[in-house]
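Dear colleague,

I am passing on the structure we spoke about, and below it you will find my notes on what turned up in it. Please read them with the sequence and the coordinates open beside you.

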Amino acid sequence: MASGTALIYDEEMTSHKLLWNDPICDIEVPERLSTSYEQLQFYHLVERCVHVPAREGTEEEILLVHSSEHLEVAKSTQKMGEEELKRVSGNYDAFFFHPNTYRCARLAVGATLQLVDSVMLGKVCNGMALVRPPGHHSQRNAANGFCLFNNVAIAAEYAKLKYGLQRILIVDWDVHHGQGTQYIFEEDPSVLYFSWHRYEHQEFWPSLKESDYDAVGLGKGKGFNINLPWNKVGMGNSDYLAAFFHVLLPVAFEFDPELVLVSSGYDSGIGDPEGQMNATPEVFAHLTHFLMQLANGKLCVILEGGYHLKSLSESVCMTVKTLLRDPIPQVTGEMAPCLSAIESIQNVRAAHKPYWKWLMYEDTSFLHNLSTKSHLPKTTNTNPSTDHEDKITNNSEAVKIERFLELHMRNILFPVPPIRTATSESKASSYLLPAPVCVVKEMDKNEVKSLASDFYADLVKEDKTLHSLGSMLAILDKILKKEVCNGIADSPTASVSVDVALRYSVHFGFQRVLCIFVGDMQIIPNTEDGKVLVINVCEKEQSGKIGSKYFISLNWKEDADRSDFFSAVLGFILPVAYSYQPNLIVIAVGPNRSIGISGISLLFGLLQGLAESRILAVIEDTDVNLMQSVAKALAGASVPHVGAYVPLTQEKVCKIKILKDQLQQEWKMLQCSVKDGI
Ligand code: Q9C
Ligand code: ZN
């Protein structure tokens, strides 16, 4: 399987620049590229990537998407003087030509295709291309919004043609609607296009009706265009995560892409003068991480917008770090989406209900009285400031954000242990672990006794129990001391091991431990209430715990299939876990699971965005395949292809819905409709 991350950057793409005064275009500066690259160097990320050279995209490649007229106009600008360049630029909405623009745009296309080739040929597993000019506003016959050629759209057509791909996902997290990309693939069911964008009820550029949630695609492409309009500024980390949990990820897993392309604009990040949003750089690590779970990890990230240099460059770094599989910083801020975001999410779910099985049982009875489509009365600005004053305020605001980000990054970034996974001596070889593994010697019995007897005196008598506790504790200890990220312990007495692990970590000082039980296991009622959140996926009712907000039982029966479990993981476990923000995750896997190995791998994969990737797996089932899959997931391998999609059962969907309604006040990331309870 491919490993490694490609990075594509060519300094020549900084030569495209604005030669005259234009307040609309003056934010798209060459420093966007050079500063991002310098920040990557600063974090020593460049040297960890595979350098792939850019090349020029060929005319033939550009014509995959664009008209020959468009190509000829672009070509003709190479020999023009400033006046003429200005005149041609004026034919488009927000675009400027420089004599080297055509060359740069061809490099941007070529760089993107080089990235696709590197990933598709298995030279790397994923990668990022830093390109200018950006692409997603560019249309078959027109430059638009700083974009000349649609790099990502060309890449999708190229991948279809060259590699025969049938399903490509484009995720456009730029703050603007990539209307160009939407137009190009509107009727194409082989390309699923997702875009969120600042919209403000059509007030915000490009102010198109077709950027709203009800533009779902045309003809055969119906359902394959997903627009999530933000109707307020100030959207933050939790709004973006909610959009992924409740819209993009379920649909993306059902779509099952063979390749994922990201139109990666960072103008959706904090400090950006265009976006006016609040998301901090680490959220892009989480978004990237989620997308790495699709298409067997084949992920190509291509730069689009992003105009606050510090915010842009830190966000680029978070993205590349994540592609390199570094552990992910905890996402900051209150974990609750805002009402306006929930409204948008609800609307797009309703609009897509006819096309996606995940949404089949969505309640849309609220739709008739939804007023969000009509323009809200504009609040009149009683003290209108001049443009000039605006610039000054924005500028000092920009500096403020710069200082904030400097501190913020120092706070959230943490040293990464050189070795990722710990396991016990006896099992190391049989797992065939793919990455360097820290093989831990079991604690000796006396040590275990002295450690565990503080809180577990009665259980440390039995020899078998002592032995498995010894290896589990040695592994947990390495995690708590940050010598490794995660660990895998097998234990014939998982419930006891988990109980000891929970108490030990709480005694160590952890305030929030998330514990997930999968499969048949006796759950020992835990006494560290308030510091441990238990999610039980098994069928067994657990007595005595009902009513505690820290014990959630999914009561899953054996007949659940893969899709059911996916919907539970995406729509329930993940949102609850993100609401909780644990410092450590313990996942116990017992026998008689209703959940397949791929589901378990997915659970491990997705949860690694939490707790700075600190996960302890305690496994009672000794199935070698299971062990290997968990070990691989912990080492950061992508989830292997899981095969055909099976329809959901209404019973399971309803079960999740009822639980959601019950618990969304407590765990706010569960919220995805405004109908009741909010
Ligand atoms: N009143 C990208 O982020 N703004 N393009 C035009 C007109 C154009 C953004 C405002 C913003 C283009 C790639
Ligand atoms: Zn943008």
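This is a predicted model: local features need pLDDT of at least 70, side-chain atom pairs count only at pLDDT 80 or more; totals for chains, interfaces and linings use all residues.

His176 is buried, with a relative accessibility of 4%, where buried stands for under 20% relative accessible area, exposed for over 50% and partly exposed for what lies in between (1.4 Å probe, protein chains only).

Residues are numbered from 1 along each chain as its sequence is written, chains are lettered from A and ligands numbered from 1 in the order in which they are written, and side-chain values use heavy atoms, with hydrogens and water left out.

Turning to the sheet, eight strands form an open sheet in the order 10-9-11-16-15-12-13-14, with parallel pairing; helices (H or I, at least four residues) and strands (E, at least two) are DSSP runs, numbered from the N terminus, and two strands pair if DSSP finds at least two bridges between them. The edges are held by strand 10 (437–440) and strand 14 (551–553), each of which has a single partner strand, so one side of each is left without a neighbour in the sheet. From one strand to the next the twist averages 15°, where axes are lines fitted to C-alpha atoms, for helices over the stretch in contact, and angles run from 0 to 180 degrees between N-to-C directions. Strand 11 (residues 486–490) and strand 16 (residues 615–619) run parallel and are joined by five bridges, and Asn486 has Ile615 in strand 16 as its bridge partner.

Two helices lie across strands of this sheet. Helix 14 (residues 463–480) lies across strand 9 (421–424), strand 10, strand 11, strand 15 (584–589) and strand 16, and runs at about 175° to strand 11. Helix 17 (residues 597–607) lies across strand 12 (513–518), strand 15 and strand 16, at about 175° to strand 15.

Within strand 13 (residues 532–536) sits Ile535, which is buried, with a relative accessible area of 0%. Leaving aside neighbours within four places in sequence, Ile535 is in contact (heavy atoms within 4.5 Å) with Leu514, Cys515, Ile516, Phe517, Ile552, Ile573 and Val576. The C-alpha atoms of Ile535 and Phe517 are separated by 6.3 Å, although these residues are 18 residues apart along the chain.

As for charged pairs, a search of the whole structure finds 26 salt bridges, a salt bridge being a side-chain nitrogen of Lys or Arg within 4 Å of a carboxyl oxygen of Asp or Glu. One of them joins Arg103 to Glu12, with the closest N and O atoms 2.8 Å apart; Arg103 lies in helix 5 (residues 101–120) and Glu12 in the loop between strand 1 (5–9) and helix 1 (31–42), so the pair ties together parts that are 91 residues apart in sequence. Arg103 is partly exposed at 26% relative accessibility, and Glu12 is likewise partly exposed at 27%.

Another salt bridge links Arg167 and Asp256 (3.9 Å, N to O). Arg167 lies in the loop between helix 6 (151–163) and strand 4 (168–172), and Asp256 in the loop between helix 8 (237–255) and strand 7 (259–264), so this pair ties together parts that are 89 residues apart in sequence. Arg167 is partly exposed, with a relative accessible area of 25%, whereas Asp256 is buried, at 18%. Elsewhere, salt bridges that share partners join Glu12, Glu56, Arg103 and Arg106 into one network.
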